[in-house]
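Let's take a walk through this fold, one piece at a time. Keep the viewer open as you read.

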Amino acid sequence: MENNLSLYQRSKDFLWTDKHIAKQMLKLHLDTTNDAASRNEKTINSTINWINGTIPEKSLILDLGCGPGLYSEKLALNKHIVTGIDISKNSIKYAKKSASKNNLKIQYHHQSYLQELSCGIFDIAMCIYCDFGALTNDEQVLFLTNVSNNLCDNGILIFDVFSNNLSNTKKEEKKWDYCNSSGFFSKKPHYILYECKYFNDANAWGTRNVILEKNKIKEFITWDTMYTKESITQVLNENGFKVEEVKTDLVHKNEFTSDDVFFIKARKT
Ligand SMILES: C[S@@+](CC[C@H](N)C(=O)[O-])C[C@H]1O[C@@H](n2cnc3c(N)ncnc32)[C@H](O)[C@@H]1O
């Protein structure tokens with residue numbers, strides 16, 4: 001394990017696929033009042049209303065990082081034809097059950113959006129809750145290539161990113177804590193070593209949680225890259241997309257992280 005966190009370093013453990021954490025994440029997704037894992041219901045609804053109004057009726061939609069399908073279901077109810085993919089087995093299992101219970105025809109696949117996708121060609125691809133900025137620069141190129149390969153000509157990508165004001169909610173620090181019972185990171189007693197660091201060159205925050213159990217160490221590193229309209233436009237232009245719309249007023253007060261977020265609608269060129 002490295003002593004100093006370096007830019008876009010990846011950990012072998014991953015927050016979204018750890019068995020214990022996946023269960024905590026699902027609970028957070030399904031709590032419509034909080035903003036952890038998925039945004040609160042009011043924000044989800046305003047996002048859905050905007051997406052619905054800005055895309056053609058009965059669009060073929062690919063929901064990347066769909067989680068338990070909160071957006072996929074609402075879009076399917078609006079008569080779009082939706083496919084969702086997610087790296088979390090637990091979320092996909094829940095999403096499949098929920099769609100069947102609600103009589104909705106949604107295809108769900110347990111897959112990474114950083115691997116070649118083979119679930120069809122879509123009019124719209126979407127990726128909601130700042131996943132794009134959680135990727136390293138190389139992963140972003142891979143993501144945009146994958147998306148482009150699975151969009152029809154002139155297809156649309158919709159996603160959101162944090163603006164620079166995310167920095168108001170973070171500070172550089174190292175601290176530790178002890179949890180003597182089951183917690184978010186582990187069901188056994190554990191220490192949490194926490195590090196948060198800003199990387200000026202990439203305008204990104206890195207967060208590392210090292211979890212020490214009696215006989216086990218787990219490490220989770222996550223990234224949040226912040227953007228301006230100009231900087232995200234440049235990334236998209238370099239990767240075959242043209243920004244068509246930027247929407248800044250969809251996110252209602254967010255209790256978990258920054259609500260200073262903007263949504264981008266970009267067209268494949
Ligand atoms: C912040 S959550 C947002 C979930 C959903 N879009 C929402 O807003 O309700 C991020 C989601 O992306 C998924 N995810 C993270 N990395 C992924 C990857 N490489 N491929 C597919 N899904 C991924 C996670 O499992 C999680 O469900």
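Start just past helix 4, where Asn103 takes a positive phi of about 60 degrees. Before going further, some housekeeping. What you're looking at is a predicted model, in which local features need pLDDT of at least 70 and side-chain atom pairs count only at pLDDT 80 or more, while totals for chains, interfaces and linings use all residues. Residue numbers start from 1 along each chain as its sequence is written. Helices (H or I, at least four residues) and strands (E, at least two) are DSSP runs, numbered from the N terminus.

Now back up into helix 4 itself, residues 89-101. Its 13 residues reach 18 Å from the first C-alpha to the last, close to the 18 Å expected at 1.5 Å a residue (the expected span being 1.5 Å times one less than the number of residues). Which residues of this helix are buried? They are Asn90, Ser91, Ile92, Ala95 and Ala99. Here, buried means that 20 or more other C-beta atoms lie within 10 Å of a residue's own, exposed means 12 or fewer, and partly exposed is in between, with C-beta atoms placed from the backbone. An α-helix has 3.6 residues a turn, so residues three or four places apart point the same way. The cover over the buried residues of helix 4 includes helix 1 (19-30), helix 3 (70-77), strand 2 (81-86) and strand 3 (107-110); contact here takes C-beta atoms, placed from the backbone, within 7 Å.

Next, the ligand. Around it sit 19 residues, of which Trp16, Ser38, Gly65, Gly67 and Ser88 come nearest; a residue counts as near if its C-beta atom, placed from the backbone, lies within 6 Å. By class, this shell has 10 nonpolar, 7 polar and 2 charged residues. For the bookkeeping, Ala, Val, Leu, Ile, Met, Phe, Trp, Tyr, Cys and Pro count as nonpolar, Asp, Glu, Lys and Arg as charged, and the others, Gly among them, as polar.

Tyr129 isn't a glycine either, yet its phi is about 90 degrees. You'll find Tyr129 in the loop between strand 4 (122-127) and helix 5 (137-149). Is Tyr129 buried or exposed? Tyr129 is buried, with 22 other C-beta atoms within 10 Å.

Finally, head for the open sheet, where 4 strands line up in the order 6-7-8-9 with antiparallel pairing (two strands pair if DSSP finds at least two bridges between them). Strand 6 (173-179) and strand 9 (217-225) stand at the edges with a single partner strand each, so one side of each has no neighbour in the sheet. Strand 7 (residues 190-199) is joined to strand 8 by 9 bridges, and Glu195 has Arg208 of strand 8 as its bridge partner. With 18 C-beta neighbours inside 10 Å, Asn203 counts as partly exposed.

Follow the pairs across to strand 9: Ala204 partners Thr225, Gly206 stands opposite Trp223, and Val210 has Glu219 as its bridge partner.

Technical notes. Contact = placed C-beta atoms within 7 Å.
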